[in-house]
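Morning, everyone. I have a short tour for you today, so please look at the screen.

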Amino acid sequence: MSERKHDFERASLSKVGEHVRTGLSPEILGRAILENLYYLQGRIPRVATPNDWYMALSYTVRDRLLERWIRTVESLQHNAKAVGYLSAEFLMGPQLGKNLLNLGIFEQVQDAAAKLGLNLQDILEQEEEPGLGNGGLGRLAACYMDSLASLEILAIGYGIRYEFGIFDQEIREGWQVELTDKWLRLGNPWEIPRPEIAFPVGFGGHTEACFDDQGRYRVRWIPEHVVRGIAYDTPVVGYRVNTTNLLRLWKAEAFESFDLRAFNMGDYYGAVEEKVASETLSKVLYPNDEPVAGKKLRLMQQYFFVSCSLQDMLRILKLGGKAPDHFPLHFAVQLNDTHPSIAVPELMRLLVDDHLMDWDQAWQITQKTIAYTNHTLLPEALEKWPVALFRTTLPRHLEIIYEINRRFLDDVRKLYPGDEGRAARISLIDESGERYVRMAHLAAVGSHAINGVAVLHSELLKRNALRDFHELYPERFFNVTNGVTPRRWMVLCNAGLAALITGKIGDRWIKREEDLRKIEQFADDPQFHDEWRRVKMNNKTTLAAFIKERTGLLVDPESLFDIQVKRIHEYKRQHLNVLHIITLYRRIKRQPGLDCPPRTVIFGGKAAPGYTMAKLIIKLINSVAEVINNDPDMAGRLRVVFLPDFNVRNGQRVYPAADLSEQISTAGKEASGTGNMKFAMNGALTIGTLDGANIEIREEVGEKNFFLFGLTAEEVTELKSKGYNPMDYYTSNHELREVLDSLRSGFFSSGDANLFRPLVDSLLCHDEYMVLADYQPYIDCQDRVNRAFREPDKWARMSILNVARIGKFSSDRSIREYCRKIWEVNPVRVAID
Ligand code: NBG
């Protein structure tokens, strides 16, 4: 009936021409914007605010996504196999520009806006980006959503609709100050709330065992309280295809608007408190880089979104008339790190307790369905939850975990009789002191596939963190090197470069990354060099203006833009970069005629609020900047900038303007990195260590086109085991000693000799990340950079070759690998009649 009505509407509409909700001509778009302004914002143009226009335009674009979206969801319900991507973070970035690009209506909308006297660029600026992630991991999930849709793979991204995303960063007197991110304040035109798609999620309470009337052993969980997860859906349209997938984020609400029982007893406020407590669940994103302590709310968040998501997949299965044992035929569930690994016992619980399936069958289904991606080797970041906390929060899940573990350890002991050391190491429960549930082990047992995110990382995973698992199940281990979407990270953020490339080789490269190779033939073409440099200069000029606006500092676009943007962390070694800056500063002071190109060193990145050392590194950068930028001897030679509030939007301004990309983590510590790929895609040359995906980038672009320095991962381990003494480097390296002494003397802190003491002491006493060992090789490598920058043709050639050979790092390639190696899903063409 509703189908017929739909058809009727279409037929009648086609007679009158374009529909105001779907038409794509500038005239119709313009009319649609005005209608939405009036009917959805309740405004007329004369009094409309910039946000009103942004909302009106966004609804206009969303209207144009809806038919594609509805058709895609239909395909899902017809049981084509889909990916369920479970991630506690989705760092989606601004949506409007990306949707215009993927729909192919950028120009039309620009025209329509112009006819209304509006500037599209200003409207784009208006959007508050959904910062529902910390950094690489969350942004990876967003790039994967873009590629999944663009490759016509059906997928649902499942996560949490945090009311407050990652904090906004301000710099006051050189220190980071965190401000709450109120991204929903002015409304979010992209999401559609689905109050009827809601699931109960229990917490606490106890379990009761019994035998049912057929004599089967059953367990009932009686939770102490129950919250409700409501779906909020955002469409994710692929590039120039119909496929429009779902990003389904869960918001927590109280189960009833208020507890009637409490209300009747006169405890109105008690009932409201319950409501408030339930809603706290999806209030705020936890910043990472803090030791994963027993934060109960965080565990509750993880269980909350995982339970809703699995219940939702079971619902979709049922809609298609399929029994729960069809789960792995219709969904490939990917765990983005261990944050969603509670999915293993939760799927078991749903199948065994709710659907009355027997254990063995449920276990088979669980393992066939789930796969796990590891994103870090840092021991302090490997999640573990105190057993005691688990017992009070998720008592039934703890029982299930114990049962999984009992069976698992039985198998292990059969294979390695008498090897109790191994059993203790591999157990899901860490019993060496206070007892903990090891979430990575839980994810590994419950999955049919385990992967790292770059070749080196996957190897180290097998060799160290999951060694025992690898010995047991070598066939479960894979590597899928990360990638980033060229739509956002080239076409959208670097229109000049994209136009230049497309002018030479056509635009197929936007979907077929291997096509980029075709620009290699222009690597020695002087005219192409000129155009290439002109694009870069334009981007640098734009960034310079932005730096002026945000920091008040004037920087010269002719200087070498040397950029490090990423989370602030000791292993990423922003402080090594600072040691180079101070070295350069001292050299120029000592020898004013020193021949080196002018440099602007730019930093950006947030520090976790509880990570004192990272915050001190931000202060250090700003203090050094203060001295250098105010020293007349440095004019035209050296500038240092800390660009506050690095996020997706600012990233789009930064990557296209870089000459040099700093990827200088201690080898073996950065799982992959993805900023490294974004820089290279935009023609920056990398100075980097053999870490994460740097290794593969260097392999692809050619070692001559990459500035390599530093210890290898093996050398790091070896040096550590031999006994690393940072003091040796301090005493034997005169220049390094002076640099560190200048920090200790208070020279960069207005005479306060104590300010940077914790940092210098940590370098001299432990130097966990081997900054001092890599200091001299880094400085020497920077000298090579200086020499190369002096030869513009050589530099342009290297830059062109970086872009021409970077195709591998498109997230389309990563997603194709996941589809083939792990998910066994195929593209489905979504038809629109
Ligand atoms: C991060 C790694 C990065 C990697 C991204 C995406 C976590 C836990 N890990 O190196 O540090 O690029 O994940 O895989 O955020």
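I will go through the ligand site, then the cavities, then a few single residues.

One thing before we start: this is a predicted model.

Let's begin with the ligand. Which residues come nearest? The shell around the ligand holds 13 residues, and the nearest are His375, Asn482, Glu670, Ser672 and Gly673. Three of these names come back when we look at polar contacts. Take Glu670. An N or O atom of its side chain sits 2.6 Å from an oxygen atom of the ligand. Now Asn482. Here too the side chain is involved, with an N or O atom 2.8 Å from a ligand oxygen. Gly673 uses its backbone: a polar backbone atom there is 2.8 Å from an oxygen atom of the ligand. And how much of the ligand does the protein bury? Alone, the ligand would expose 380 Å², and the protein buries 87% of that. What kinds of residues make up the shell? Five are nonpolar, six are polar and two are charged.

Next, the empty space. Rolling a probe the size of a water molecule over the atoms shows where such space is left. How many cavities of 30 Å³ or more does the structure hold? There are four.

Start with the largest cavity. Its volume is about 230 Å³. A set of 21 residues lines it. Closest to the centre of this cavity are Glu128, Pro130, Trp183, Asn188 and Trp190. By type, the lining splits into 11 nonpolar, six polar and four charged residues.

Now the second largest cavity. It has about 60 Å³ of space. Its lining includes Met92, Gln95, Lys98, Arg139 and Ala142. Asp146, Val236, Thr485 and Arg488 line it as well. Which helix gives the most? That is α7, residues 136–150, with three residues. Count by type here and you get three nonpolar, two polar and four charged.

Let me go back to α3 for a moment. Thr72 lies in this helix. Is Thr72 buried or exposed? Its relative accessibility is 1%, and the cut-off for buried is under 20%, so Thr72 counts as buried. Its side chain also has a partner. A polar atom of that side chain lies 3.0 Å from the backbone nitrogen of Thr244.

Last stop: two residues with a positive phi. Where is it? Glu173 sits in the loop between β3, 168–172, and β4, 175–179. Its relative accessible area is 72%, so Glu173 is exposed.

Then comes Met770. Its phi is positive too, at about 55°, and Met770 is not a glycine either. Met770 is also found in a loop, between α31 at 757–765 and α32 at 771–789. Is Met770 buried or exposed? Its relative accessibility is 0%, so Met770 counts as buried.

Glu173 is exposed, whereas Met770 is buried.

Definitions and conventions:
Residues are numbered from 1 along each chain as its sequence is written. This is a predicted model: local features need pLDDT of at least 70, side-chain atom pairs count only at pLDDT 80 or more; totals for chains, interfaces and linings use all residues. Side-chain values use heavy atoms; hydrogens and water are left out. A residue is near a molecule or strand if one of its heavy atoms lies within 4 Å of it. A polar contact is a pair of N or O atoms within 3.5 Å; within protein, one must be able to donate a hydrogen and the other to accept it, and residues adjacent in sequence count only if both atoms are side-chain atoms. Accessible areas come from the Shrake-Rupley method with a 1.4 Å probe; for residues, only the protein chains shown count as cover. Ala, Val, Leu, Ile, Met, Phe, Trp, Tyr, Cys and Pro count as nonpolar, Asp, Glu, Lys and Arg as charged, and the others, Gly among them, as polar. On a 1 Å grid over the protein atoms alone, a cavity is a set of points where a 1.4 Å probe fits but cannot get out, and a pocket is an open set with protein on both sides within 12 Å along at least five of seven lines; lining residues have an atom within 4 Å of a point. Grid points are joined across faces, edges and corners, and a volume is the space filled by probe spheres set on the points. Helices (H or I, at least four residues) and strands (E, at least two) are DSSP runs, numbered from the N terminus. Buried means under 20% relative accessible area, exposed over 50%, partly exposed in between (1.4 Å probe, protein chains only).
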